[in-house]
Amino acid sequence: MAIRSYLVGLECPECQESYDPGLPQFLCRCGSPLLPRYDLRAAAAALTRDRLGERVASLWRYRELLPVLGDPLSLGEGWTPLLDAPHLAQELGVADLWIKDEAPNPTGSFKARGMAVAVARARELGARRLAAPSAGNAGAALAAYARRAGLEACVVLPADAGSIFKQEVRLYGARLVEVHGTIAEAGRYVRERLIPEGWYDLSTLREPYRVEGKKTMGYELAEQLGWKLPTAILYPTGGGTGLIGMWKAFAEMEQLGWIGAERPRMVCVQSAGCSPIARAFLSGAQRAEPWAEPNTYAEGLRVPSPLADRLILRALRESRGTAVLASDEEIRGAAAELAWTEGVLCCPEGAATWVGAKKLAASGWLGGGDRLVLFNTGSGYKYPLPNRMEPWQPHWTHMSP
Ligand SMILES: *Cc1c(COP(=O)(O)O)cnc(C)c1O
Ligand SMILES: [Zn+2]
């Protein structure tokens, strides 16, 4: 049987309105993001989880559950390592701790997952000129995949984004626009200046397929852990696409019969300098108010008004998860600890999850029965490296260089 997509619709998670996925679609009339739906019964008949071992070592191994009907677009995205981190587990006093390391992705971050799928889908829907606002990594990924697909791209970045991101965008031959402000102003530029000129909007969650690329992190976690999900996932949350995607993946896998009803507690880790979701979660609100004057060197977390605030908050609450903050100083220290103890170089966003894990272990929210996954969402090489630090374990001092 030929491998194919079982995409059947686009549905609004707020008002349940459905839309034809054969046409370009963006937000629902009610303003909510749309989520793709699949014929999971037919997909389960076509693909059993035991057959996945024969599949390609990229996110396209889950082809039936992705929205691309024609040719996939690939630079080798996904199927990233799940690294065992026994020293960190011991330090926290939890049963297991793994780092899902997204740094090996093309263009050095998990944004490649979303863009591989969304650019392939946009191409088959007839788009030729693709635009997106970005804090940095999404722009690099869009530029690379658009080039690979033979399409034009325009990336809008904050003027104060790291220069490496701007160089990447130019290197892949995309147009680069710099705006004053954050990704919020970049998004406004895309909507007010580029869309009216005929550019196709690839803003995350306005465009409904980037989340499908990112949901494969949830499929991979289950497959890599032998279909036994962790008890908690710590995720560095900006726009929340990955968190929403994984939550959706777990629901799909249950319907496919691949996992049971158990779910990890989802933990949103944000920067103390920009934490609209954590603030809303901790105050019991259903919506997040925009964060005034966002400031953090973890650029992927500098998202002052996430479009899908309701979906993120719902996943946190349904999973009995929580939200936790990390300051830039704590993040720098955590990045150094991760490098020293496990040999893993994390981006600041990824290092923030280790800050969160330590705080939640200290408060007793995480304990001896927990099996944790921390997400390192991108490469540490795109940011200033943290300074070397001494180990906290006295018996390691003799290993000190
Ligand atoms: C974009 C980004 C994030 C935030 O991702 P969301 O899924 O939008 O919350 C985290 N880390 C890095 C490195 C990023 O580039
Ligand atoms: Zn709606």
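Helices here are DSSP runs of H or I, at least four residues, strands are runs of E, at least two, and both are numbered from the N terminus.

Ground rules. This is a predicted model, where local features need pLDDT of at least 70, side-chain atom pairs count only at pLDDT 80 or more, and totals for chains, interfaces and linings use all residues. Residues are numbered from 1 along each chain as its sequence is written, chains are lettered from A and ligands numbered from 1 in written order, and side-chain values use heavy atoms, with hydrogens and water left out.

Back to α4. It covers residues 137-149. What span should its 13 residues have, at 1.5 Å a residue? The expected value is 1.5 Å times one less than the number of residues. That gives 18 Å, and the end C-alpha atoms are 18 Å apart, so the two agree.

Now burial. Buried means under 20% relative accessible area, exposed means over 50%, and partly exposed lies in between, with a 1.4 Å probe and protein chains only. In α4, 11 of the 13 residues are buried, so the rest of the structure largely encloses this helix. Among them are N137, G139, L142, Y145 and A149. What covers them? The cover includes α3 (111-124), β6 (129-133), β7 (152-158), α5 (163-171) and α7 (210-224). Contact here means heavy atoms within 4.5 Å.

Next, charges. A salt bridge is a side-chain nitrogen of Lys or Arg within 4 Å of a carboxyl oxygen of Asp or Glu. How many does a search of the whole structure find? It finds 26.

Take R175 and E152. Their closest N and O atoms are 3.2 Å apart. The pair links distant parts of the chain: R175 sits in strand β8 (residues 175-179), E152 in strand β7, 23 residues apart. R175 is partly exposed at 44%. E152 is partly exposed too, at 36%.

R170 pairs with E178, at 3.8 Å between the closest N and O atoms. R170 is partly exposed, at 48%. E178 is partly exposed, at 39%.

Then E252 and K215, with closest N and O atoms 2.9 Å apart. Again, distant parts of the chain are linked: E252 is in helix α8 (residues 241-256), K215 in helix α7, 37 residues apart. Buried or exposed? E252 is buried, at 5%. K215 is buried, at 1%.

Last item: K100, E102, R113 and E220 are linked in a network of salt bridges.
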